[in-house]
Amino acid sequence: MSDALALLFPPFLVAVCLVGIHAYFGIQVLARKVIFVDLALAQVAALGASVAFMLGHPAQNFTTYGYSLAFALLAAVLLAFTRTWGTRVPQEALIGVIYVVAAAAAILLIDRAPQGAEHLKQILTGNILTSGLGDVALIVPLYAAIGLLHWLLHRQMTGAGPLAWEFVFYATFGAVVTSSVAIAGVLLVFSFLIIPAAIGVMFASSLARQLAIGWIAGVITSAAGLAASFALDLPTGATMVCAFGGVLAVAGMFYPFWRGEPRAALRVAGAAARWGVAAVLAASALQLAAAPRADQPLIDLAEYLIPPLRSLYLSPAEQAAFADAGVHAERYRAEAEQLNDRERRTRTEGEALDEFSVARISSFLKSYGEMRKGEQFVMHEVRARARERIRWSAALGLLAFALLLAPVPWRQVWARLR
Amino acid sequence: MIRVHLAALVAACCALAFPAHAQDRIDVVTTTTDLRSLTEAVGGERVAVVSIVPAGMDAEEYQAKPQDVSRLRNARMIVRVGLDYDLWAERLLLQAGNSAIRRGGPGYVDASYGIATLEVRGMSVGPGDGHAHGNGNPHYWLDPKNAEIVTGTILEALTRLDPANARSYQANRSAFLARLQLKLAEWEAKLTSLRGMPLVAYHNSWPYFARRFRLDFVAFIEMKPGVPPSPAHLAEIIRSMRARNVKIVVREPHEPKRDVDFVAGKAGAAVVTLAASVGALPQAGDYIALFDANVAALTATAP
Ligand SMILES: [Zn+2]
């Protein structure tokens with residue numbers, strides 16, 4: 001457990017710093033309705049880093065960072081002006097154009113330098129798991145300075161004043177995003193930016209309260225996401241993004257209750273859930289009736305979770321064949337694994353295997369693979385035939401179940417028919 | 001450097017002296033730079049070889065360009081890695097519509113033919129293996145002994161396309177294999193100090209290399225191609241690195257430096273950058289230089 005803590009604590013600190021500054025910028029971004037501005041800024045900064053790279057500067061170098069920042073500032077000028085164009089064409093459209101052009105230009109630049117592709121990827125897909133206290137030491141002074149500047153200028157940062165203040169806003173935001181995307185990656189930074197801010201805005205109206213709610217939600221979600229990624233053995237960034245998405249969904253469900261309309265909210269939620277389940281059931285019924293041999297996602301999932309469900313439609317003989325093939329497939333897999341293990345060990349231990357023995361192991365492994373595929377084919381075939389047999393009855397049953405669940409006002413339908 | 005200039009000079013002189021050769025050279029396309037180097041070793045002056053994936057790019061994530069199709073259209077021979085390593089070549093071949101180099105055509109060479117594949121796992125993914133495709137680990141060119149088999153396959157195809165020069169191809173191959181034989185003995189001698197020493201790599205590119213030189217790759221940082229490691233996986237790697245006293249982490253130039261440095265730093269190991277492909281490092285200019293560079297880098301870091 002101490003291992004896990006030692007590994008997860010630095011990224012947690014980094015996440016706290018990132019939530020701290022991004023929740024604030026997120027509230028500003030939501031107010032200005034420029035949701036994807038961070039993607040545009042990050043992409044332009046990456047374009048700057050690519051230019052530096054093409055000029056021969058190494059990645060993660062002061063000059064390279066200077067190039068990124070200079071490009072981000074240029075983009076800030078453009079973004080500040082988009083507000084004035086925004087009367088006819090939505091500002092978001094122009095931001096999107098900046099994003100795609102910067103991304104495409106970086107690809108074109110990098111195309112001539114093979115190592116560049118990886119370089120570009122690394123700028124935009126940081127890995128928060130391998131970030132550390134060194135990153136914290138770098139970003140804390142920067143974020144503190146920017147936070148202080150915004151606190152001093154809070155009267156000017158309304159998004160409605162002269163364009164010079166807009167430039168200051170986008171320039172400081174660009175500096176934040178350039179550093180954070182390199183640490184945590186585009187996806188996670190977007191979640192840090194939008195989701196805590198959205199939750200804050202949902203439940204409060206003053207900036208201070210919105211910030212407080214956003215920070216609390218962001219920090220707790222980051223901790224939960226990191227813990228889940230450790231416990232479930234999943235990539236950290238992606239797990240955290242999903243955790244943030246889940247928290248926003250929960251907040252969204254809670255929102256109507258908080259607004260004081262619990263009954264209406266419950267009714268809508270119930271109806272939506274029933275329609276959803278009914279639609280899934282009806283689609284599964286149609287799929288089973290139309291193509292019984294094809295994948296049946298719902299039935300496959302149910303059988304995966306509760307294997308005894310298969311005995312509902314497989315005859316005893318089929319069940320035996322199915323189980324038998326499963327046992328054999330598993331045995332071939334285990335034998336192949338053993339053989340692989342043995343080959344691995346002989347690379348360094350004892351006498352080296354001669355070419356002939358290696359070739360023999362290789363062909364044994366291939367045969368095991370084929371035999372295993374054969375057994376899996378048997379399992380698939382047994383199940384497909386049984387499903388073909390029950391297609392009509394099972395599909396009708398599922399359909400009836402779907403109709404029962406769907407919140408159709410049967411009484412009114414009946415009355416109208418009469 | 002001087003040798004490169006000299007080679008260029010010699011090539012230029014040859015081009016001047018035998019202008020006719022430039023025209024009736026056989027156009028060969030290979031998917032990777034390693035196969036280009038091996039094809040050049042057999043074909044010598046009589047072939048013009050282009051590799052689709054440029055040096056230093058990750059061939060497992062290559063995205064084709066329009067030029068590739070036109071190159072394939074004009075080619076008389078294609079040499080590919082096979083074993084699902086360069087699956088994207090399948091679509092390119094289809095688009096090029098060149099019947100000579102279609103699967104089964106006279107100019108189609110799957111270099112994995114006859115190779116004893118390691119780590120075959122059937123079609124489903126085995127645990128802890130970096131390769132999502134279970135047809136066996138495709139990095140077989142990293143065993144110099146396998147170059148014998150690959151050049152043999154290439155020789156056969158060149159002889160089929162250009163029987164008049166079969167003897168010259170045969171002589172080229174024999175000369176190359178003789179040189180490789182000497183080099184192999186040298187590499188094996190140099191790497192004896194690393195025998196059985198535990199190593200960690202980012203991507204599982206090294207089973208053939210490990211088997212030939214009796215190295216012990218105990219773990220891989222990447223979980224699946226393109227999937228970053230989970231915290232539990234990293235913790236386990238760092239723990240086992242400390243327990244087994246792993247002192248070297250192997251990284252390829254295109255792999256994320258941050259993640260590798262992080263693991264090496266936590267476990268107190270050194271990072272060695274190796275080329276798994278010709279041209280991935282500037283000093284790995286051809287097939288033999290590739291091993292020279294890797295052996296030099298490994299021996300320089302070995303404690
Ligand atoms: Zn690979």
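**View 1. Burial and pairing of B:D216 in the predicted model.** With a relative accessible area of 14%, B:D216 counts as buried, where buried means under 20% relative accessible area, exposed means over 50%, and partly exposed covers the range in between, using a 1.4 Å probe and protein chains only. This is a predicted model, in which local features need pLDDT of at least 70, side-chain atom pairs count only at pLDDT 80 or more, and totals for chains, interfaces and linings use all residues. Side-chain values use heavy atoms, with hydrogens and water left out, while residues are numbered from 1 along each chain as its sequence is written, and chains are lettered from A and ligands numbered from 1 in the order in which they are written. B:D216 forms a salt bridge with B:R244, with 3.4 Å between the closest N and O atoms; a salt bridge is a side-chain nitrogen of Lys or Arg within 4 Å of a carboxyl oxygen of Asp or Glu. Because B:D216 lies in strand β6 (residues 216-220) of chain B and B:R244 in helix α9 (residues 231-244) of chain B, the pair ties together parts that are 28 residues apart in sequence. Helices (H or I, at least four residues) and strands (E, at least two) are DSSP runs, numbered from the N terminus. B:R244 is partly exposed, at 44% relative accessible area.

**View 2. A salt bridge between the two chains at A:E355 and B:R212.** The closest N and O atoms of A:E355 and B:R212 are 3.0 Å apart, and the two residues form a salt bridge. A:E355 belongs to helix α14 (residues 355-405) of chain A and B:R212 to helix α8 (residues 207-213) of chain B, so the pair joins two chains. A:E355 is partly exposed, with a relative accessible area of 40%, whereas B:R212 is buried at 13%. Helix α8 of chain B also holds B:R211, which is buried with a relative accessible area of 12%. Not counting residues up to four places away in sequence, B:R211 touches A:E343, A:R347, A:L353, A:E355, A:V358, B:L118 and B:D143, a contact being heavy atoms within 4.5 Å.

**View 3. Packing of helices α7 and α11 in chain B.** Two packed helices are described by the angle between their axes and the distance between the axes. Helix α7 (residues 166-191) of chain B packs against helix α11 (residues 287-301) of chain B at an angle of about 5°, with the axes 10 Å apart; axes are lines fitted to C-alpha atoms, for helices over the stretch in contact, and angles run from 0 to 180 degrees between N-to-C directions. The helices α7(B) and α11(B) are therefore roughly parallel to each other, given that angles under 35 degrees count as roughly parallel, over 145 as roughly antiparallel, 65 to 115 as roughly perpendicular and the rest as oblique. Residues of α7(B) that make the contact include B:F176, B:L180, B:K183, B:E186 and B:W187, and those of α11(B) include B:Y287, B:F291, B:D292 and B:V295. B:E186 is partly exposed, at 30% relative accessibility.

**View 4. A salt-bridge network around A:E303.** A:D300, A:E303, A:R310, A:R383 and A:R387 are linked in a network of salt bridges. A:E303, which is in helix α12 (residues 297-305) of chain A, is buried with a relative accessible area of 2%. Leaving out residues up to four places away in sequence, A:E303 touches A:L309, A:R310, A:Y313, A:R383 and A:R387. The count over all chains comes to 27 salt bridges.

**View 5. Positive phi values at two loop residues of chain A.** A:K33 has phi near 55°, a positive value in a residue other than glycine; A:K33 sits in the loop between α1 and α2 (37-54) of chain A and counts as exposed at 62% relative accessibility. Phi of A:D233 is near 60°, likewise a positive value in a residue other than glycine. A:D233 is in the loop between α9 (207-231) and α10 (236-258) of chain A, and is partly exposed with a relative accessible area of 36%.
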